[in-house]
Amino acid sequence: MALFPTLVSAQQYDLVLAGGRVIDPATNLDAVRNIGIRAGRIAAVSASPLSGASTVDAAGLVVAPGFIDLHSHGQTPENYRFKARDGVTTALEMERGAAPVAEFYTSREHRALINYGATSGDIAARMVVMHDTGTLLPRDQAVKRAATPAEHRQVLDLLARGLDEGALGIGMGIAYFPLETRAEVLDIFKLAAERKTVIYVHMRNGGPTEPGVVDALQEIIADAAATGASVHVVHITSMGLRETGLLLNMIEGARKRGLDITTEAYPYTAGMTDLSSAIFDEGWQQRQGGISFGDLQWAATGERLTPESFARYRKQGGFVAVHSIPEEIVRLALANPLVMVASDGIMEEGKGHPRAAGSYARVLGRYVREQHVLSLMEALRRMTVMPADRLGLRSKGRIADGADADLTVFDPARVIDRATFEKPAQYSEGIEYVIVDGKLVVNRGELVPGVLPGRGVRR
Ligand SMILES: [Zn+2]
């Protein structure tokens, strides 16, 4: 009788997650289920037991789609380790973006712990075209002068080529280019509309003082309306500060009028950027809602700045934390169903903002379990299916037959961030198992050595 053994082997899965509380925000499923994984895909979601070549006992744990971070500047092995331990299975550089895009992808192929991807970046492209010497962000050539018409044309060509090479959209950071004109920005919106892709934008201005964040969002909404482009406004709380509620009302209103506008926030009361960038041009205190030197914290040492150290470090360049976001604004954003979770994180040899290591566990532990700002289902929605839908990825961010087997298994009673501004390089706790492309990258709360299942996510 050959039939019976054939059937048995057909039902054998590579990996089974047994008896976990499966939460799938795409379908609102919240029930104990067994998940069978085969060849990198979810092959069964069942109330009945499944048999696998290996089995993870998920009893008492939540099984969720792997978290998708739309704003992850950190694109190195070090960063991918921190992301995995925070439950992130896909980390994307959508704001700065890449240029050239093909090189971004090929240099990570078969070398990444988790999935990666990038936009075709206006920040990156302008830095290349204008020969700026900044690393992550512009600091001289692209800041001090306007682009010539020829340079603007070259930037548009580079952006278009990046889209041809599989980029996930167009990234923009208008605030980093004080001389980027409104007409140039509008041209990029036209390109996004023609190519039916999404712009991920750091707006022109932040804070309450005009020209401020309200004008900046009006530019975005007007350009989206004029061109038909889809837009994602990055880190709404660090731009909006106390105007964040007003911005969210504007976005909601624009959506009601048929515009495709989405947004995101990270769960911290400080931002971080390069001290040598245009963000700290004259008047930065007012633009950041009335902060001062002591609200800036130099990432390399953890020291608070003075006028003297500000001047010294600004010349040198490097990351600085900007303590400018009121705690109630973080809660207001997370309570709003429009706001996705995204980290904006980057870690460099253990230095950086704690958001690079702790954003997702912090939302689940501090804001869901401890403060009840949003429900567990709702938090997971903002981390999984909402970013997947923004990206147009039907195979990610959900637990369904045939979906990519990127999964995060955590203890809802214990999950919490450990990274702080003083000691950012600390893994989150309570993230027990993380699966990327069907393979365990975190097992019993520890990184699995020697596995690199991450894949490039392309459009
Ligand atoms: Zn930004």
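Student: What makes the packing of helix α10 (residues 244-256) and helix α13 (residues 327-335) roughly parallel?

Tutor: In this predicted model, the two helices pack at an angle of about 20°, with their axes 10 Å apart. Angles under 35 degrees count as roughly parallel, over 145 as roughly antiparallel, 65 to 115 as roughly perpendicular and the rest as oblique, so α10 is roughly parallel to α13. Residues are numbered from 1 along each chain as its sequence is written. Local features need pLDDT of at least 70, side-chain atom pairs count only at pLDDT 80 or more, totals for chains, interfaces and linings use all residues, and side-chain values use heavy atoms, with hydrogens and water left out.

Student: Which residues of α10 and α13 meet?

Tutor: Thr244, Gly245 and Leu248 in α10 meet Ile329, Leu332 and Ala333 in α13, where contact means heavy atoms within 4.5 Å. The residues of this contact divide into four nonpolar, two polar and no charged.

Student: Why is strand β12 (residues 261-265) called mostly covered?

Tutor: Buried means under 20% relative accessible area (exposed is over 50%, partly exposed in between, with a 1.4 Å probe and protein chains only). Five of the five residues of β12 are buried, so the strand is mostly covered. Ile261, Thr263 and Ala265 point one way, and Thr262 and Glu264 the other way.

Student: How do you know that β12 pairs with strand β11 (residues 230-233) and with strand β16 (residues 339-341)?

Tutor: Two strands pair if DSSP finds at least two bridges between them. Three bridges join β11 to β12, and β12 and β16 also have three bridges, so both count as pairs. β11 and β12 run parallel, with Val231 opposite Ile261. The pairing of β12 with β16 is likewise parallel, and Thr263 stands opposite Val339.

How values were computed:
Axes are lines fitted to C-alpha atoms, for helices over the stretch in contact, and angles run from 0 to 180 degrees between N-to-C directions. Helices (H or I, at least four residues) and strands (E, at least two) are DSSP runs, numbered from the N terminus. Ala, Val, Leu, Ile, Met, Phe, Trp, Tyr, Cys and Pro count as nonpolar, Asp, Glu, Lys and Arg as charged, and the others, Gly among them, as polar.
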